[in-house]
Amino acid sequence: MTKPASSGEKEASRDARKMAAVLLEVLAGLRTPLQAAELLQVSLPRYYQLESRALSGFVAACEARPKGRQPGTVNSALRRDNERLKRDLTRQQSLVRLTQRTVGVTPPPSVKADSRKRKRKPVVRALRRAEQLREGTNGVAASSEVTAV
């Protein structure tokens, strides 16, 4: 009875499982390399190549792996997808602006990122100075304020 493969592993083919079993039998001393080659229907030099490749894979699988998620695997795919979506967004925005110009529709006012701030009413310096003069404030203080602004 075989164990189900974990979610990160691919299920091995029937031929691969048979080859692994025969290689393990040779390494355990149950079969000779010649018997294994005959069973797998390959030449003896080819059997030794397969055995060498299997042992290399075994040693590579025994290497320590860094813990946690590694950068560059999933992140690179997400980065590429993000860049593609940004290009699509820019293209769609350009098409909307072009359509608005063609039809003659004014674009909606842009929404500021921080809408909690109250909009400051613009005051022209001349109007501010005239108001100060009407109130009768000191002209010297007012004139220095105008030059400072």
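Which residues does Leu-40 touch, not counting residues up to four places away in sequence? Leu-40 touches Met-19, Val-22 and Tyr-47, where contact means heavy atoms within 4.5 Å. This is a predicted model, in which local features need pLDDT of at least 70 and side-chain atom pairs count only at pLDDT 80 or more, while totals for chains, interfaces and linings use all residues. Residues are numbered from 1 along each chain as its sequence is written, and side-chain values use heavy atoms, leaving out hydrogens and water.

**Nonpolar core**
- Seven residues form the largest nonpolar core: Val-22, Leu-23, Val-26, Ala-36, Ala-37, Leu-40 and Tyr-47.
- Helix H1 (14–28) and helix H2 (33–40) each supply at least two residues of this core.
- Such a core is a set of buried Ala, Val, Leu, Ile, Met, Phe, Trp, Tyr and Cys residues joined through side-chain atoms within 4.5 Å.
- Helices are DSSP runs (H or I, at least four residues), numbered from the N terminus.

**Gln-100**
- Gln-100 lies in helix H4 (residues 74–103).
- Gln-100 has a relative accessible area of 18% and is therefore buried, a term for under 20% relative accessible area with a 1.4 Å probe and protein chains only.
- Beyond its neighbours within four places in sequence, Gln-100 is in contact with Val-105, Pro-107 and Pro-108.

Key. Buried means under 20% relative accessible area, exposed over 50%, partly exposed in between (1.4 Å probe, protein chains only).
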